[in-house]
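This report describes one protein model, element by element. The sequence and the structure come first, and the description follows.

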Amino acid sequence: MAKIDLYDPKWVEMVFADKNKEYGAYALRKGTSSRNIKSIVILLIAALLIGGFLVYKVHQQKLEEERMAYNQAMELKALQEAAKKKKKEEPKVQPKVEPKKEIPEVRQTQKFTAPVIKKDNLVKEENQVKQMEDLDKKAAVGNVDQEGTQNRTVEAVRNDIAVNTPPPAPKEEVANKVFDVVEEMPSFPGGNGALMSYLSSNVKYPVVAQENGVQGRVQISFVVEKDGSISDVRVARSVDPSLDKEAMRVVKSMPRWNPGRQNGQNVRVKYTVPVLFRLQ
């Protein structure tokens, strides 16, 4: 038997040959081909629309994630610039300089000659008592012979200053000081981009907050220790207790940072990061 194309209306004519074509089945069968074609067209259009919608949603979600990451990076940068500005506005404490001690200079003295009655020809000229107007006005009279100087820029040697005295060790409170801004700020391994990626991929949205439709950005402050570890984790700006708790958890789980440095030494530095919670 030859194959019959069901989409070709000729098969209907073959089936209903020499039969009552006024019967409703004939009209129904005759329109089968057009209905099948319309159904296929409708299915194709629906598949294209659904596929296009899914592609659009995936694209929009990707754009939203990129926008969130950008906003977090900008906020982190703003926090860092604000900390630097605050540091610049703080008045610098001038080191206390002790006044230089004035050391009396050794002045040349006039030799004191005890009066002795002698004949004029027996008195040496240097031992003769000079008249007041002949005395050196710059010389001080004393009863002790002492080598002096006319140069007043020469100072006596101070014995109360130790030579090559080592600097005192820094006090404990200075060594443990927490800085807001330092010469080399601490950094997450891989930079700010890696930090934002770590936070977004490790945050677990609390179920309670999801059910109540709570979202927002929690700011967490912490101290980067000298060895890069994280300590003193606190909520700097709260949104919701459940979100605050989760933000603190993910910050505490961070790996060691590259520590901050001041004057070539590792120091403790305070840092603040935003943790974003957004419902999809």
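Phe 188 lies in the loop between strand 3 (178-179) and helix 5, while Tyr 198 lies in helix 5, so the pair ties together parts that are ten residues apart in sequence. The model is a predicted one.

Tyr 198 is one of the buried residues of helix 5, with Leu 195, Met 196 and Leu 199. These residues cover an arc of only 160° around the axis, which puts them on the same side of helix 5. An α-helix has 3.6 residues a turn, so residues three or four places apart point the same way. The face of helix 5 turned away from the buried side carries Gly 193, Ser 200 and Ser 201, which are exposed.

The structure holds six aromatic pairs. Phe 222 and Trp 257 have ring centres 5.4 Å apart and planes at 70°, so this pair is edge-to-face. Phe 222 belongs to strand 4 and Trp 257 to the loop between helix 7 and strand 6, so the pair ties together parts that are 35 residues apart in sequence. Phe 222 is buried at a relative accessible area of 1%, and Trp 257 is buried at 3%. Phe 188, Tyr 198, Phe 222, Trp 257 and Tyr 271 form one aromatic cluster.

Beyond its neighbours within four places in sequence, Phe 222 has contacts that include Ile 230, Asp 232, Val 251, Met 254, Trp 257, Lys 270, Tyr 271 and Val 273.

## The nonpolar core

The largest nonpolar core has 25 residues, and those touching the most other members are Leu 195, Phe 222, Val 251, Met 254, Trp 257 and Val 275. Helix 5 (192-202), strand 4, helix 7 (241-252) and strand 7 are the elements that give two or more residues to this core. In soluble globular proteins, nonpolar side chains tend to be buried together.

Strand 4 (residues 216-224) has nine of its nine residues buried, so it is largely enclosed by the rest of the structure. Gly 216, Val 218, Ile 220, Phe 222 and Val 224 point one way, Arg 217, Gln 219, Ser 221 and Val 223 point the other way, and both sets are buried.

Strand 4 pairs with strand 7 in the antiparallel sense over nine bridges; within strand 7, Lys 270 is the bridge partner of Val 223. Strand 4 also pairs with strand 5 (residues 230-237) in the antiparallel sense, over five bridges. Here Val 235 of strand 5 stands opposite Ile 220. The hairpin of strand 4 and strand 5 has five residues between the strands, and in this hairpin Gly 228 takes a positive phi near 90°.

Thr 272 is placed in strand 7 (residues 265-277). Thr 272 is partly exposed, with a relative accessible area of 22%, because the partly exposed class begins where burial, under 20%, ends. Thr 272 and Gln 219 are 53 residues apart in sequence, yet their C-alpha atoms are 6.7 Å apart. With residues up to four places away in sequence not counted, Thr 272 touches Leu 76, Leu 79, Gln 219, Ile 220 and Ser 221.

Gln 262 is placed in strand 6 (residues 260-262). Its side chain reaches the backbone nitrogen of Glu 183 at 2.9 Å. Leaving aside neighbours within four places in sequence, Gln 262 is in contact with Val 182, Glu 183 and Val 267.

## The chain as a whole

The protein has seven helices and seven strands. Along the sequence they follow the pattern α-α-α-β-β-α-β-α-α-β-β-α-β-β. Of the 280 residues in the protein, 21% are buried. Among contacts between residues at least 6 apart in sequence, 77% join residues at least 24 apart.

Notes. Residues are numbered from 1 along each chain as its sequence is written. This is a predicted model: local features need pLDDT of at least 70, side-chain atom pairs count only at pLDDT 80 or more; totals for chains, interfaces and linings use all residues. Side-chain values use heavy atoms; hydrogens and water are left out. Helices (H or I, at least four residues) and strands (E, at least two) are DSSP runs, numbered from the N terminus. Buried means under 20% relative accessible area, exposed over 50%, partly exposed in between (1.4 Å probe, protein chains only). Contact means heavy atoms within 4.5 Å. Two strands pair if DSSP finds at least two bridges between them. A nonpolar core is a set of buried Ala, Val, Leu, Ile, Met, Phe, Trp, Tyr and Cys residues joined through side-chain atoms within 4.5 Å. A polar contact is a pair of N or O atoms within 3.5 Å; within protein, one must be able to donate a hydrogen and the other to accept it, and residues adjacent in sequence count only if both atoms are side-chain atoms. Rings of Phe, Tyr and Trp (its six-membered ring) pair if their centres lie within 6.5 Å; planes under 30 degrees apart count as stacked, over 60 as edge-to-face and the rest as tilted. The arc is that of the directions from the helix axis to the C-beta atoms.
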